[in-house]
Amino acid sequence: MILVTGGAGFIGANFTLDWLHASDEPIINLDKLTYAGNLENLASLANDPRHIFVRGDICDRALIDSLLATHQPRAIVHFAAESHVDRSIHGPGEFLRSNVEGTFTLLEASRAYLSGLDEKARAGFRFHHVSTDEVYGSLSPEAAPFAEGHPYAPNSPYSASKAASDHLARAWHKTYGLPVTTSHCSNNYGPFHFPEKLIPLVIVNALAGKPLPIYGDGLQVRDWLYVGDHCAAICRILEDGRPGETYNIGGWNEMSNLEIVRQVCALLDELRPRADGQPYRSQMVHVADRPGHDRRYAIDARKMERELGWRPKETFASGIRRTVHWYLEHEDWVKNVQSGAYQEWVTKQYGAES
Ligand code: NAD
Ligand code: DAU
C-alpha cells in the first residue's frame, strides 16, 4: 500500500480517487482536515476497504511512526501543505509549520522506517514530494519556461516555505540516501478545487451574482493544467522516476488571468445564462494587486515526456468545460464548503461588501 498525505484536499483527493479507480493497491490517507481538507471529496470511498483515512497532523512524529510501522507502505506521496498564496501573506506561520516542519517530520520518520526494512524493500521505497513551480519565482515575458535546473527565487511566504521543504527533501536524499523524487507543477484546476483559488472562485461568484475580483491589471500569466493530468504524472514518477531527480509538470498552456476569467464567463453564458441576459463578464472588477505578485509562470515539461512518456491529455478547452460542468452539477458541495470559516476568509481578503 501507499501512504498519501493531504489526500482530503483538492489534488490529494483527485489523486486518491484516480488511484483507487485504476488499481486495487490500498491507500492510507493522512490529513489534518484543515479548512481546505474535506471528507466530502472522498465520499464515494466511504465503504471502500482499500481507503484508510486517518485524521492527523504531518508534524506528529509519533503518529507517523505508528502508521509506517503498522501499514508498511512501499511509498509516500506527500501533498499535505498550506497552499494558498493570499493566506500566506495574511498569516505565514502556519505555512512554515505545515510545509517546512511537516515535511521535515515526514522525512525523518521515513528515514527511521527505512533503516528497519530489508534491502529489497528499501530499494523499492519511494518518497514523492509534491512541490510547485512557484519556488522558481517570476519569469519575464520573453524568458524560457522553467526547466528543472532553474534557480530558486521564491517571492511569497507560501513559495518560500515550499522551497525550504524542497531543500530538505533534496538534502535527505543526498545525505541519507532517502529515495526522494520531487515534482514542480504549475496551476491545477478541476473538481474539488476550493473556491478561494481563481477558477473556482470565479465560477462560484459568477453564479451567485457577486463581483469577479481581478488583482491589478489581470495580465499575470499562469500555465494551467487539468488536475487529472497532474495526478497521472505523479503516478508515472512513482513507477519509473529516478531517486534524487526532480520533474517539472505543466500544461503547455500559458494564459493571462483576464483570459481565464473571460473563458469561464463565456462557458457559464452558454451553460447557465444569467436570468437578465447580461454576460457574466460584466461582473469582473479590478481590485488591489497581491503584494509581491509573480507576473508569469511557465513550465518546460519536456523531461516528463522524454523520460516518462507523460503529456497532458486534456486541453484547456476540454478541461475547463469538464470543470464548469462539475461545479454546476455539485451545488451542494459548493454550499457545504462555504461554511463560517470560508466567509471569514472572504471578508478578510475582499472586504465586508464582497
Ligand atoms: P489544498 O490546500 O487543497 O489541500 C491541502 C491538504 O493538506 C488539505 O486536505 C489539508 O487538510 C491538508 N493539510 C494541511 N496541513 C496539514 C498538516 N499539517 N497535516 C496533515 N494534513 C494537512 O492543496 P492542493 O491545491 O491540493 O495542493 C496539494 C499540494 O500540491 C501542495 O503541496 C501544493 O503546494 C502542491 N501544488 C498545488 C498546486 C495547485 O495548483 N493547487 C500546484 C502545484 C503544486
Ligand atoms: O503555480 C502553482 C500554484 O498555483 C500552487 O503552488 C498554489 O498552491 C496554487 O494556489 C496556485 O497559486 P496561484 O497564486 O497562482 O493561484 P490562485 O488561484 O490563487 O491565483 C491565480 C492567479 O489569479 C494569480 O495571478 C492571482 C490571481 N487572482 C487570484 C484570486 C484568488 C485574482 O486575480 N483574483 C483572485 O481573487
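This is a predicted model: local features need pLDDT of at least 70, side-chain atom pairs count only at pLDDT 80 or more; totals for chains, interfaces and linings use all residues.
1. Surroundings of ligand 1. There are 28 residues around ligand 1, and those that come nearest are I11, D31, S83, Y158 and K162. Sorted by class, this shell holds 12 nonpolar, 12 polar and four charged residues.

2. Polar contacts of ligand 1. A polar backbone atom of I11 lies 2.8 Å from an oxygen atom of the ligand. K32 also takes part through its backbone, where an N or O atom is 3.0 Å from a nitrogen atom of ligand 1. With Y158 the side chain is involved: one of its N or O atoms is 2.6 Å from an oxygen atom of ligand 1. On its own, ligand 1 has 830 Å² of accessible area, of which the protein covers 96%.

3. Location of ligand 1. The largest cavity is where ligand 1 sits. Helices α1 (10-22) and α6 (157-176), together with strands β5 (126-132) and β7 (187-189), are the elements that each give two or more residues to its shell. The greatest share comes from β5, which gives three residues.

4. Of the 24 residues around ligand 2, the nearest are T132, D133, Y158, R290 and Y350. This shell divides into 10 nonpolar, eight polar and six charged residues.

5. Polar contacts of ligand 2. The side chain of T132 places an N or O atom 2.7 Å from an oxygen atom of ligand 2. The side chain of E134 likewise has an N or O atom 2.7 Å from an oxygen atom of this ligand. For H293, a polar side-chain atom lies 2.7 Å from an oxygen atom of ligand 2. Taken alone, ligand 2 exposes 690 Å², and the protein buries 95% of that area.

6. Location of ligand 2. Ligand 2 takes up space in the largest cavity. The elements giving two or more residues to its shell are α7 and β8 (212-215); β8 gives the most, with three residues.

7. Residue N205. Helix α7, which spans residues 198-207, contains N205. Because its relative accessible area is 12%, under the 20% limit, N205 counts as buried. Its side chain reaches the backbone oxygen of P211 at 2.9 Å.

8. Residue D229. D229 is placed in helix α8, residues 227-240. Its relative accessibility is 5%, so D229 is classed as buried. D229 and E314 are 85 residues apart in sequence, and their C-alpha atoms are 7.2 Å apart in space.

Technical notes:
Residues are numbered from 1 along each chain as its sequence is written. Chains are lettered from A and ligands numbered from 1 in the order in which they are written. Side-chain values use heavy atoms; hydrogens and water are left out. A residue is near a molecule or strand if one of its heavy atoms lies within 4 Å of it. A polar contact is a pair of N or O atoms within 3.5 Å; within protein, one must be able to donate a hydrogen and the other to accept it, and residues adjacent in sequence count only if both atoms are side-chain atoms. Accessible areas come from the Shrake-Rupley method with a 1.4 Å probe; for residues, only the protein chains shown count as cover. On a 1 Å grid over the protein atoms alone, a cavity is a set of points where a 1.4 Å probe fits but cannot get out, and a pocket is an open set with protein on both sides within 12 Å along at least five of seven lines; lining residues have an atom within 4 Å of a point. A molecule sits in a cavity or pocket if more than half of its atoms lie within 2 Å of its grid points. Helices (H or I, at least four residues) and strands (E, at least two) are DSSP runs, numbered from the N terminus. Ala, Val, Leu, Ile, Met, Phe, Trp, Tyr, Cys and Pro count as nonpolar, Asp, Glu, Lys and Arg as charged, and the others, Gly among them, as polar. Buried means under 20% relative accessible area, exposed over 50%, partly exposed in between (1.4 Å probe, protein chains only).
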